Amino acid sequence: MNRAFISLYFFIVASVVLIGWGLNQFWESVAPEQEPTAEIHALFALIEDDLLTQQPQSDAGYTQLAQQLSAQLNLSLELLPLDDLAQSAAMHELHAGKILAASSNGDIIWYKRLAQTDQVVMLSIPVSDESESPFYRLLLIVFYLAIALVIYLWVWPLSRDSKKLESQTRMLGKDDVPETLKISPTSTLYPLAQAFNHMAQRLRELIASHREMTNAVSHELRTPLARMKFALAMIEEEKLNDKDRRQLRSVEQDIAEMESLISALLAYAGFEQKTQQLKQTSGHMRDLLDELQLRFVRHNQRHLQLDICDNTDNAEFICEWKLIETVLQNFINNAARYAKSRIRIELMQTQSEYIIAVEDDGSGIPADKRERVFESFVRLYHEEQHENTAGSATGGFGLGLAIVKRIMQWHQGTAQFVEPQILGGARAQIRWPKTPT
């Protein structure tokens, strides 16, 4: 902050001084020389006539008459000895009787030798406002534009480096690790860029460590589970009493749940590592829903009714179909856990968005907890019912909706639970823009 302030301050001050001095020199070199007007000639003639008529006997007398005349005419009038201008280049012109002009403190000073004397009349007249001159106004505009230009030249590198930092930060915000930010050491943002690069490097290390740990743990756990399943299969061949067989079934169920959890972890880790490059194509969403409906009927052990309402007249949707299929399958599975008898899928669209809603006739989700269910490992009904077994029929592992949220973020869309409209239970809704960004 101090470095930027000092740099900008001295840059502006130096620019104002140099540009102002340069334009002033230019103005003085091109400004037209003052020429005596008829009024000036007449005024000098009046002064000479008055002074010479009275013919004082000494220089002091001329000076006294000049003071009286200055008071009468309300002008700044003085008499100077001609010797005071002896070293001036205008000496010869004054001897010839010419009227000369000079500028001082906003006034024009006129000089003329008093005829047949060694006195010079010095008459000061306020000059007209130079700012009224079109050329002066033009120079003033040039001055301000030049100041704006030099400030822009100072700000431009800062803006350029800020855009680089913003671009890399946006990549970080989209769950991607940014590349090393390259900024010149002379830049004001160089310390910030160094800190950002250090943070990005640390994030790369943490993400790589997280991926390695997730994959290693998930894969390594499969080996002992496989050995346990083999051991259980061998035990089943032995003659067991009913109590031992029930315990054996309980162990088998625990192993199955552990395998399901490992599969869910691998799936979630895979979605975490997926890039943002979606391959979106157009197609009919109703065709996908018909396929999911047939799949649902084949595994519908509770005899639930699944209805599809297409309010788009079979319009084409643009998306990455495999990912949207994963989203809809998760919504249907969740609805099937809690629905009493019916599930309804509704297709909608606006001028700019596609919308799909899945609603059931279950107990629904409280409004204050609808956002939390999309967090990883959150099992809302499991918490409310105080279940003691992970991965139960209604508990799940809390990863399905987290995956849904991530997929919709890749589509630049949203996933949320909203107020029910038809069946009165939970209503899950996704929406994403028609034009891929």
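Good morning. Alanine 233, at 36% relative accessibility, counts as partly exposed, a class that lies between buried (under 20% relative accessible area) and exposed (over 50%), computed with a 1.4 Å probe and protein chains only. Alanine 233 belongs to helix α6, residues 190-236. Helices here are DSSP runs of H or I with at least four residues, strands are runs of E with at least two, and both are numbered from the N terminus. From alanine 233 to leucine 248 there are 15 residues in sequence, and 9.9 Å in space, C-alpha to C-alpha.

A word on the source. The model is predicted, so that local features need pLDDT of at least 70 and side-chain atom pairs count only at pLDDT 80 or more, while totals for chains, interfaces and linings use all residues. Residues are numbered from 1 along each chain as its sequence is written, and side-chain values use heavy atoms, with hydrogens and water left out.

I turn to helix α1, residues 2-30, which contains tyrosine 9. Tyrosine 9 is partly exposed, at a relative accessible area of 47%. Together with Phe5, Ile6, Phe10, Val13 and Val17, Tyr9 forms a nonpolar patch on the surface, with about 620 Å² of accessible area in total.

Next comes helix α9, residues 321-338. Its 18 residues reach 26 Å from the first C-alpha to the last, close to the 26 Å expected at 1.5 Å a residue; the expected span is 1.5 Å times one less than the number of residues. Among the buried residues of α9 are Trp321, Leu328, Phe331 and Ala336.

Which residues have a positive phi although they are not glycines? One is asparagine 314, at about 60 degrees, in the loop between β6 (305-310) and β7 (316-319). Another is glutamine 412, also at about 60 degrees, in the loop between α11 (400-410) and β10 (414-418). Asparagine 314 is partly exposed at 36%, and glutamine 412 is partly exposed at 42%.

Finally, consider strand β11, residues 427-433, where 5 of the 7 residues are buried. Strands pair if DSSP finds at least two bridges between them. Strand β9, residues 353-360, pairs with β11 in the antiparallel sense over 7 bridges, and glutamate 353 has proline 433 of β11 as its bridge partner. Strands β10 and β11 also run antiparallel, joined by 5 bridges; here valine 418 is partnered with arginine 427 of β11. Thank you.

How values were computed: Patch = residues over 30% accessible without salt bridge, like charges linked within 9 Å, V, L, I, M, F, W, Y side chains within 5 Å. Areas by Shrake-Rupley, 256 points an atom, 1.4 Å probe, with all protein chains shown as cover. Salt bridge = Lys/Arg side-chain N within 4 Å of Asp/Glu carboxyl O.
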